[in-house]
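Subject: Structure for your records

Hello,

Below is the structure we talked about handing over. My notes on it follow.

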Amino acid sequence: MRLTVVGCSGSGPGPASPASCYLVEHDGFRLLVDLGNGSFGALQGLVDPDTVDAVFLSHLHADHCLDVAPFVVWHRYSGRATRGRVPLLAPVGAERRLALAYDADGEGLTDVFDFVPVGAGHLDLGPFAVELARTAHPMECYAIRLTGGGRSLVYTGDTGASAAVVDLARGADILLAEAAHPDVPGLPPDLHLTGREAGEHAAAAGVGRLLLTHVPPWVDSAAQLASAQAVFPAAELVAPGARYDV
């Protein structure tokens, strides 16, 4: 299994990275995990969009889903799309919300996507065994565990401190965890993790490696990493274009 970071900026695109988007490949299958704003451009520099086998959206905030719109444009008008509808797994309501994001009249997108509503639980997707857990976030959001070839990758999506995310990540080879909040007093609950909290989640779950992502441009990423490493030394900060063998 291989993870490629397409975009990792938190809360929106930044000067050095698009918003959240991750490419996970295994046994010739390509899964896009989130398609945040700005990410479709970077994706084209990494793979042919026609080779994307499925898309999973953790939730429907713009920085995780808005580049579904240019994905649709490419499939409809580039003349390069040769495959049928792409499975798009997302929380209930994605079909309508994304249609409105694409067009003010909410024209359907079912010529491009086969929408699959998801919730907490298990499913199979291509070569992956998938497990989803609801996170601590104002909008319905799911962390995802992908297992294939005896290896496992967990992505938190957006979350505050969450026992469910720890349980999902238990024993995983890699935890790709958001770390959007600086470690300061007065933070709102059930929204985002600090770097320290991401490290604590990794330690509690007993994961092999912690990859920090979703740091907003206005937050000191080096400080987020230092806070995480203070409690989980095997922590790294991702960058766009980085590749990891799981």
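Helices and strands here are DSSP runs, a helix having at least four residues and a strand at least two, numbered from the N terminus. The model is a predicted one.

By that assignment, aspartate 50 sits in a loop, with α1 (39–44) on one side and β4 (54–56) on the other. The protein chain as a whole has seven helices and 14 strands.

Aspartate 50 is the residue I looked at in detail. Its side chain is buried but forms no salt bridge. A salt bridge requires a side-chain nitrogen of Lys or Arg within 4 Å of a carboxyl oxygen of Asp or Glu, and the nearest side chain of opposite charge, that of arginine 83, is 5.2 Å away. What aspartate 50 does have is a side-chain polar contact with threonine 82, at 2.5 Å. Setting aside neighbours within four places in sequence, the residues in contact with aspartate 50 are Trp74, Arg80, Ala81, Thr82 and Arg83.

The C-alpha trace spans about 50 × 40 × 30 Å along its principal axes. Of the 246 residues, 54% count as buried. Among contacts with a separation of 6 or more, 60% come from residues 24 or more positions apart.

Regards

Definitions and conventions: Residues are numbered from 1 along each chain as its sequence is written. This is a predicted model: local features need pLDDT of at least 70, side-chain atom pairs count only at pLDDT 80 or more; totals for chains, interfaces and linings use all residues. Side-chain values use heavy atoms; hydrogens and water are left out. Buried means under 20% relative accessible area, exposed over 50%, partly exposed in between (1.4 Å probe, protein chains only). Lys and Arg count as positive and Asp and Glu as negative; His and the chain ends are not counted. A polar contact is a pair of N or O atoms within 3.5 Å; within protein, one must be able to donate a hydrogen and the other to accept it, and residues adjacent in sequence count only if both atoms are side-chain atoms. Contact means heavy atoms within 4.5 Å.
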